[in-house]
Every structure is written in C-alpha cells, then in structure tokens.
Amino acid sequence: MRIFYLVALIFCIPAVRCSSNTSKLIEDSGQSFTERMKTGKTSFVYFGNHVNPTIKLFLDQLEMSADALEDYGIAVIKVNCSKEAIAKYCTGEKLITKTYLLRGSEVLRSFDIDTVFDVSAIVSHVLFTVLYNEVRYVHTPAELLQVANGAKQIRDVVVGHIPVLGLPEHRALMETAFVYGTKYQFVQTTGGPLLKHMGVDDLSVSKARLWFLHCKDMSRQMDQCPFTLMRKPLDTINIHTFLQLMEAPLVTEANVDPSEVDVVHNHLNVPVLYLFSHPQTKHLDRATAQSLALQLRGEIGVVLIHRDSTNVNTPLQYNAAYRFPEEDVKYFTLNSAEEVVNLFKEELLQDYKMVEDENEEHWSDLDILDDEVSESVYRDRDLMMDLESITELTSDNFQYEVTRNEITVVLFYFKWNAVCIAFMQTYIEVADALEEPIVEIPFVCVLNGVGGLVLAAVDCGEWTDICSDQNVTSFPFIMIYSPMEAPQPYRGMLGTESLQRFILLSQISGPVHLSSSADVLSFLEGDLYSKHADLSPIRVLGLFTSTLDTGVTSFKEAAKVLRGETILGLFVHREAEKWVEGLSVSLPAVLLSRGSKVSREAYFVPSSSVNDLVSLIQKAVLDPFPELTVENLPWYLELEKPLLLLFVGKEDHTETSLTDMKHLLSSGQLPSFLPCWIHLGRTPVGRSVLEKYLGFVPPLPALVMSRLSTGGEVFLFPPERPLKARHILQWVQSVENRDEHPAGVIPETERSPSVPFYDFLATMDQELPGYASQRDPKMKTGAKEGNREHDMTPHQRQTTPSSSKPQAPHEHSEL
C-alpha cells in the first residue's frame with residue numbers, strides 16, 4: 001500500500017481566515033514547521049506575508065484541496081509568515097506568487113499559483129510530482145514503444161493524453177495512477193505526434209483521451225501491444241470502470257439463461273451481449289464471440305451461452321440477446337456480426353453519443369461568431385505558411401539555440417489557437433524582414449544566423465516541458481534571449497511594425513555608458529544612434545555624480561527592463577550637474593531628449609526603487625501632445641486624465657489647428673487635461689468614435705472633451721468659433737464651471753458574448769459549479785488594477801509590475 005504524507009504549508013495573512021472547524025487544513029507554527037521538515041515527509045509549501053483578492057482565491061482553493069488530498073493520506077498545512085519569518089522561505093520578490101513541493105528540506109518542484117489555480121490543478125500537479133518516477137511522460141511513438149517493450153510479460157500500460165495540465169481530466173488520471181500505479185504502467189502525453197500513431201485522424205479536436213495497451217500477455221518483443229480506446233469522458237469513475245472491463249474476461253461462457261448470468265459487467269452498469277452456441281458449431285460460435293468482444297471491448301461484455309445445457313430454456317428462434325443496465329433481457333435474431341456492432345454503436349451507446357453531439361454543436365456554433373481573428377484564420381486555413389525563416393525549437397535544441405546566438409527571439413504558441421496562428425504570419429514577416437544584415441549598431445555586429453539574430457518558435461502543444469520551464473502561461477508569448485542576461489519579455493502590440501521595432505532596439509544593450517560631456521551631447525542630439533531615430537527618437541539619460549549613488553544600480557536594472565522600448569544612457573560624472581542647470585531639478589535626475597530642436601525635460605529621481613524608476617521613465621517618454629492610435633491609446637488612458645481630443649481630417653487646416661493646441665499646451669494652462677489628436681485619414685476608427693460620442697460627425701477639425709468623472713459626459717467645442725488658443729481656454733473654463741451643456745454621453749454598455757455559450761466563464765461553471773464565480777473578485781479588484789489586465793495584449797498578462805508598461809482601464813475606456 002502506497003502511503004504519502006503531503007504537507008502544503010501556507011504562509012498566510014492575519015486578515016484572512018484560513019481555518020474552519022470542519023477544514024482539513026492544518027495550521028503550523030514556525031517551530032512545528034521546522035520539526036516537520038526534519039521528518040523527511042513531502043510538503044507542498046506556499047510562502048506569503050500579505051493577501052490580495054487573487055491570493056484569497058488561491059487560499060480558498062487550497063483549503064478545499066485539503067479534503068481531496070486527505071483521501072490519499074496527504075495533509076495540507078499552512079504557516080503564517082507574517083508572524084514568524086522562516087529563513088530562506090519568507091523572503092523574495094515572488095514570495096506570494098510561488099509554491100514549493102518539498103521532501104524534507106529538498107525542493108522537488110516549484111509552482112506559480114497561476115499553475116495550481118484550483119482544486120483539480122492542485123491535486124493533479126501534486127500527484128504528478130509525487131508519482132514522477134511512476135508515471136512516464138512520452139512525446140513520440142518511439143518513446144511509447146520503448147515503454148511498451150519494457151512492460152511486456154510484466155504489466156499492461158495505461159496511456160493518457162492530456163491537452164492541458166491541471167484540468168479535471170488531468171486530476172482524474174493522476175488519482176487513478178495513485179491507486180493503480182503498482183498494477184499498471186501509467187504514461188502521460190500532451191503532444192500531438194503520439195495521437196496519429198494511436199489512430200486519431202482529426203488532430204484539431206483537442207480533448208483528453210485514454211488507451212489501454214495489452215502488453216502483459218505479449219511474449220514476443222517484435223509484436224506490438226494491441227490497445228483499446230476508452231470512449232467515454234475522462235473522469236475517475238469512467239476510468240475505474242474501464243480498467244475493470246480490461247481485467248474482465250474477453251468472453252464469458254455460461255450454461256444458463258441470460259437473465260441468470262452474473263458477470264462483472266452487470267455491476268459496472270455496462271451493456272451485455274449474449275450469444276447462443278450449438279454443440280456442432282461451438283468452435284465457430286466461440287470465434288464469433290471473440291471477434292465481437294474485441295471490436296466492442298471496453299464498451300460491452302460478451303457472454304457465450306451453450307444451448308446443450310438443460311438449464312437453457314431460450315426459444316430456438318433467437319440466437320442472441322442483450323441487456324441494458326437496470327433493464328430486462330431483450331432477445332433478437334442475429335444475421336451477421338456487423339449487425340451487432342452497428343446495434344451497439346448506434347443504439348446502445350446513444351447516451352454517450354448525445355453528449356458528444358452536444359459538445360460538437362457547442363463548438364460548431366463558434367464558427368459563426370464575429371471574432372475577426374478566428375474568422376481570418378478559418379478563411380486562410382488552407383494556406384501554407386513558409387516557416388523556413390523560423391527555427392523550430394524542441395527539448396533537444398532549445399538551450400543550445402538560446403545560448404549560442406547574440407539574440408534569440410522565441411515565440412511560444414499553440415497550433416490550435418486562433419490568435420497564435422494569426423500572429424504567426426506577422427512573426428514570419430518580421431523574420432523575413434530581418435533576414436538581411438540591415439542593422440548597424442555601434443559596438444554590436446548583428447547578422448541573422450549563427451552568432452547573430454535568430455527568430456525561433458516553440459509549439460507548446462508539443463513541447464510542454466519547455467513552456468513550463470520558461471513559465472509561459474499565456475499565448476502567444478515572445479521572449480528575447482541573450483547570453484548571460486535574463487530573458488526579456490515582449491510587451492508590445494501583436495503587429496509587424498511594433499515587434500520589429502522592439503527586436504531592433506533590443507540589440508542595443510542598455511544603458512549606454514557615457515564617459516564625457518561630448519558623449520552626452522552626441523547621445524542627446526541623436527548622433528550616437530542616428531540610424532535608430534525612426535525607431536526611437538527619444539533618448540533617456542540617467543545623471544549621477546558618483547558610482548556610490550544607489551540609484552545607479554537601480555537605473556541599470558530599469559534599463560534592462562525597458563530594453564527594446566527606448567534607448568537609455570548613463571552618465572556618472574562630476575560634470576553631470578551642468579546638464580540639469582536651469583531645469584529646476586537636482587541630481588540624481590533623468591534627462592529626456594525628444595530631438596535636437598526640442599527642449600529637454602528633466603525629472604528628479606526621488607526613489608532608488610527599480611519599479612518606481614521604470615514607471616517614471618515610461619510616463620516621461622509619453623508624448624505631451626500625442627496623436628492617438630489604436631496601438632498607443634492604452635498608454636495614454638492609463639494617465640486617467642480627461643481627454644481634450646482634436647479630430648482632424650485630410651482637407652482641413654490640420655497644421656494650424658495643431659499649432660494652436662501646442663501653444664496652449666506649452667503655456668501650462670491645461671495641467672489636468674490630456675490634449676491629444678486623431679487623424680481620421682490614418683486612424684479611420686476615429687470617425688466611429690465621433691459618432692459614438694455625439695451621434696453624428698461634425699465638420700472637421702472638431703474638438704471634444706470627454707470627462708468620465710462626471711458620468712461619461714462629452715462636450716463639443718462650438719463649430720462656429722475659431723480654434724484659437726484663447727477661445728479653447730475660455731471654452732474649457734466654461735465646461736469646468738458647468739456653464740456648457742454636454743453634447744453627448746458615452747453609453748455604459750457591456751460587451752456580451754456573440755452567442756450565449758461563448759461565455760467561457762459560464763461554460764466553466766457548468767463543468768465545475770462555482771469555478772467562474774470564485775474568480776469574480778479578481779475581475780472587480782478596482783478599475784486600475786483589474787481592468788488594466790484586460791487591455792494588455794494576451795501575452796503580457798503574466799508580466800510583473802516591474803516589467804509591464806501601464807495599461808489603460810477597460811471599463812472606463814474613453815474611446
């Protein structure tokens with residue numbers, strides 16, 4: 001009997017009530033935790049010193065998992081880190097977001113709490129780790145063949161295909177492996193190559209599957225183990241029933257009427273087929289029964305009844321019978337074996353087929369959704385993409401590739417994900433554009449190939465181990481790898497121009513160390529990186545008088561975080577003071593240059609925190625009078641200022657209007673507003689915005705003010721008045737004094753699913769009651785934090801605050 005004692009240690013927060021009279025979650029003090037570690041028992045450890053809604057949800061799930069894990073002799077324990085700081089465990093930036101599985105004091109594996117997000121995920125990942133030496137992971141047919149050959153004449157093999165780890169199907173497989181692991185060899189796979197080998201033709205249908213390989217009775221190594229597919233959904237009961245059926249005799253022989261036959265199938269609620277045998281055709285009847293039993297194995301039981309027994313009173317006109325669970329025996333005349341197969345496949349298994357049909361209808365309706373990404377992927381589904389410029393990475397070559405090149409750009413994706421497939425074409429376009437040695441950077445030689453720049457991709461559906469090791473949890477996701485440096489996540493838009501710009505700027509290792517005032521001038525004027533003026537005309541310079549200043553180290557770390565977004569320089573010298581003279585700023589400071597003919601901006605650095613410095617620089621580089629586009633809108637909405645938005649077109653006096661707005665901005669009389677503009681020729685969506693704001697499109701140029709703080713009111717500058725600085729200022733003051741009436745109101749509308757069942761949270765709630773509702777607090781954690789995640793690009797959502805650009809609120813989006 002296998003005995004495990006798992007301790008999940010939760011270092012939680014006083015404000016959170018983790019205990020309950022009926023809870024199996026055990027509370028440990030620091031001393032008892034230390035003593036427990038000396039026992040050598042296995043422990044699942046979560047370290048934390050404060051709580052937020054996300055952590056609270058995790059603690060709730062972990063407390064519930066204590067009940068589930070108790071059935072396996074596994075204890076779940078929590079320790080409050082805020083009361084007793086345990087050395088080595090109660091410190092670190094990822095204190096509240098990581099869990100550790102320990103055996104004694106040895107760390108077996110660490111998990112992000114996003115990985116062990118609910119009871120099923122906790123149980124499945126914990127058991128998978130505990131059973132690491134018993135459950136084999138395979139990816140290719142050759143690996144499975146090796147496992148099967150090793151099991152011949154010893155035991156049978158159970159193979160589970162789990163598309164996504166941590167879901168209920170994964171938990172069901174691991175729980176079964178825990179119970180039957182000494183009897184069968186369990187195998188888990190997540191990749192696609194094995195499916196085709198097992199007879200799955202449609203690889204686009206991503207669902208969990210299970211096969212039973214009959215290897216125990218195989219005597220010759222050259223013979224392949226025959227296998228049986230479990231056709232019912234993967235849950236614990238169905239898997240248990242299936243394994244019992246695999247152990248049952250292929251054909252049971254009896255000498256009584258069907259109603260008196262007692263076989264294991266009756267107790268497993270499985271249909272039974274009865275065939276009648278005559279003495280003169282006994283061998284032929286037995287062969288027929290064996291053939292049918294092999295075709296329907298795992299779905300029905302087959303019983304061969306000998307008519308030469310005096311206990312068999314079935315009329316001779318019938319040669320077969322069947323019985324549903326909890327129903328009476330029904331007799332019929334069998335004309336062919338195919339007739340029986342069709343009978344059971346089409347009639348007796350209707351319940352399961354109805355479930356499958358409902359699922360197919362559910363997903364087929366998604367084809368009619370108005371999702372532009374899914375629609376474009378479907379439209380271009382037959383087009384073959386040229387992947388010659390992309391290096392495909394596997395477990396065998398990943399580490400080698402990312403360490404041998406100066407820069408390796410890696411796309412993590414799923415083949416079945418519409419956004420990933422749509423973005424793949426963009427990725428290929430970037431790779432093709434970077435084929436040539438088009439970039440010349442001082443101190444850096446960049447070529448696409450060995451030792452230079454390489455674009456690569458990892459299919460996380462096949463190589464889950466790579467994606468797990470790299471902590472990739474959202475897709476598509478791009479990381480840039482350079483030797484001896486931490487991987488750099490891409491946080492921009494999923495577009496060709498944005499990605500190419502990021503890659504090219506990433507080739508500049510920041511910050512650039514400047515040694516003299518002449519170097520500083522060259523850097524600020526743009527001469528040092530003149531060929532990158534179109535990529536990033538902005539230069540950010542850190543000014544410090546001494547290397548002993550703690551801000552120097554923080555600035556270097558901030559430059560690493562911002563690599564690929566802008567060009568940063570560092571000047572540590574006694575002459576640093578002169579570069580902020582007349583700018584009303586003392587050192588340490590950040591000096592920002594937008595070009596040789598634009599006045600420089602200086603910002604005092606009040607803190608040496610890397611996060612604060614990153615935030616300061618990200619906000620500083622924003623244009624004070626930006627042209628809003630789809631790409632840059634989130635950055636500016638994050639400022640949470642009312643928009644003073646000028647709409648211009650092709651035929652109006654654009655330059656004159658913009659000049660007056662710039663003059664008003666430079667006067668410093670609009671500190672609480674964000675003056676900005678939209679060119680309807682370059683950003684056509686601006687016309688729809690105007691119509692949404694006002695209900696019509698006024699003559700251009702048109703100036704509007706949107707004020708969400710007053711209920712989403714929109715004000716229109718009188719079209720009959722000239723757009724001059726003084727008139728604009730008077731109008732703004734009138735709006736502020738409530739002397740102007742709103743011209744429109746931004747409607748508070750929610751984006752509802754295109755069809756009811758496209759609501760994924762509701763769908764999850766059907767599968768796991770309460771699953772979606774448990775996550776509601778995370779969605780309501782304040783507009784700034786919770787909604788920021790919505791507006792981030794899909795692959796940005798796992799980045800830390802220190803590496804994420806500020807994103808725009810969702811519910812309060814002004815456009």
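Student: Which residues does Ser517 touch, not counting residues up to four places away in sequence?

Tutor: This is a predicted model. Ser517 belongs to helix α17, residues 517-525. Leaving out residues up to four places away in sequence, Ser517 touches Phe571, Glu575, Lys578 and Trp579.

Student: Is Ser517 buried or exposed?

Tutor: The relative accessible area of Ser517 is 12%. Because buried means under 20%, Ser517 counts as buried.

Student: How many of the six residues of strand β30 are buried?

Tutor: Leu674, Cys676 and Ile678 point one way from β30, and these residues are buried. Pro675, Trp677 and His679 point the other way and are buried too. The strand, residues 674-679, is therefore largely enclosed by the rest of the structure, the number buried being six of the six.

Student: In β30, which residue is the bridge partner of Leu643?

Tutor: Strand β29 covers residues 643-648. It pairs with β30 in the parallel sense, over six bridges. In β30, the bridge partner of Leu643 is Leu674.

Student: What is the C-alpha to C-alpha distance between Ala151 and Leu213?

Tutor: Ala151 lies in helix α4, residues 141-151, and is buried, with a relative accessible area of 5%. Beyond its neighbours within four places in sequence, Ala151 is in contact with Val157 and Cys215. Ala151 and Leu213 are 62 residues apart in sequence, while their C-alpha to C-alpha distance is 9.7 Å.

Student: Which residues touch the most other members of the largest nonpolar core?

Tutor: The largest nonpolar core has 49 residues, and those touching the most other members are Phe44, Phe58, Phe186, Leu210 and Leu243.
Elements giving two or more residues to this core include β3 (42-46), α2 (53-70), β10 (209-213) and α7 (236-247). Phe186 itself touches, among others, Val158, Leu173, Ala177 and Tyr180, not counting residues up to four places away in sequence. To repeat the names requested, they are Phe44, Phe58, Phe186, Leu210 and Leu243.

Terms used. Residues numbered from 1 in each chain as written. Predicted model: local features only at pLDDT ≥ 70, side-chain atom pairs only at ≥ 80, totals over all residues. Heavy atoms only, no water. Helix = DSSP H or I, 4+ residues; strand = E, 2+ residues; numbered from the N terminus. Buried < 20%, exposed > 50% of the residue type's maximum accessible area, 1.4 Å probe, protein only. Contact = heavy atoms within 4.5 Å. Pairing = 2+ DSSP bridges. Core = buried A, V, L, I, M, F, W, Y, C linked by side-chain atoms within 4.5 Å.
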